[in-house]
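Please consult the sequence and the structure shown here alongside the text.

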Amino acid sequence: ADSLDLPFLCADVTPRALRVPEGAAAVHENGVRGVARVVVGVDSLAESVERYRALLGTEPEADGRTFVLSGSQVSLEQVYRRQGLPEIELCAASPAKCGPLPVRLAHGAAITIVAC
């Protein structure tokens, strides 16, 4: 069976400065500075938790469905529609910039800017 709940993960060995903008290029007008949380829709929560445990080599948080990767959360959510990525929360330093992005600008994705 297809396992659409697992992400594509890539470990890059190049220096971070070659992959991630620095200085003024790292500042966006919306204030976003990283990913706070990604919610992945899954068909079977129990099966997906086991796959993520094996993939990441770590245990979920106390809720039994959230994994932490480099300070960002990956939460698994049981859905009764297609599997995939129903929600992303981006981290911004300023609460004034927080809130959902218009769906038309997010190409249909549920993207919200949160303070962190």
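A disulfide is defined here as a pair of cysteine sulfur atoms within 2.5 Å. C98 is partly exposed, at 31% relative accessibility; buried stands for under 20% relative accessible area, exposed for over 50%, and partly exposed for values in between (1.4 Å probe, protein chains only).

## Basis of the model

The model is predicted: local features require pLDDT of at least 70, and side-chain atom pairs count only at pLDDT 80 or more, whereas totals for chains, interfaces and linings use all residues. Residues are numbered from 1 along each chain as its sequence is written, and side-chain values use heavy atoms, with hydrogens and water left out.

## The disulfide

The count comes to one disulfide. This disulfide joins C91 to C116, with an S to S distance of 1.8 Å. The pair links distant parts of the chain, 25 residues apart: C91 belongs to strand 4 (residues 84-92), and C116 to the segment after strand 6 (111-115). Strands are DSSP runs (E, at least two residues), numbered from the N terminus.

C91 is buried, at 10% relative accessibility, whereas C116 is partly exposed, with a relative accessible area of 41%.

## V32 beside C91

V32 is located in strand 1 (residues 32-42) and is buried, with a relative accessible area of 18%. V32 and C91 are 59 residues apart in sequence, yet their C-alpha atoms are 5.4 Å apart in space. Leaving aside residues up to four places away in sequence, V32 touches L90, C91, A92 and I113, where contact means heavy atoms within 4.5 Å.

Key
Helix = DSSP H or I, 4+ residues; strand = E, 2+ residues; numbered from the N terminus.
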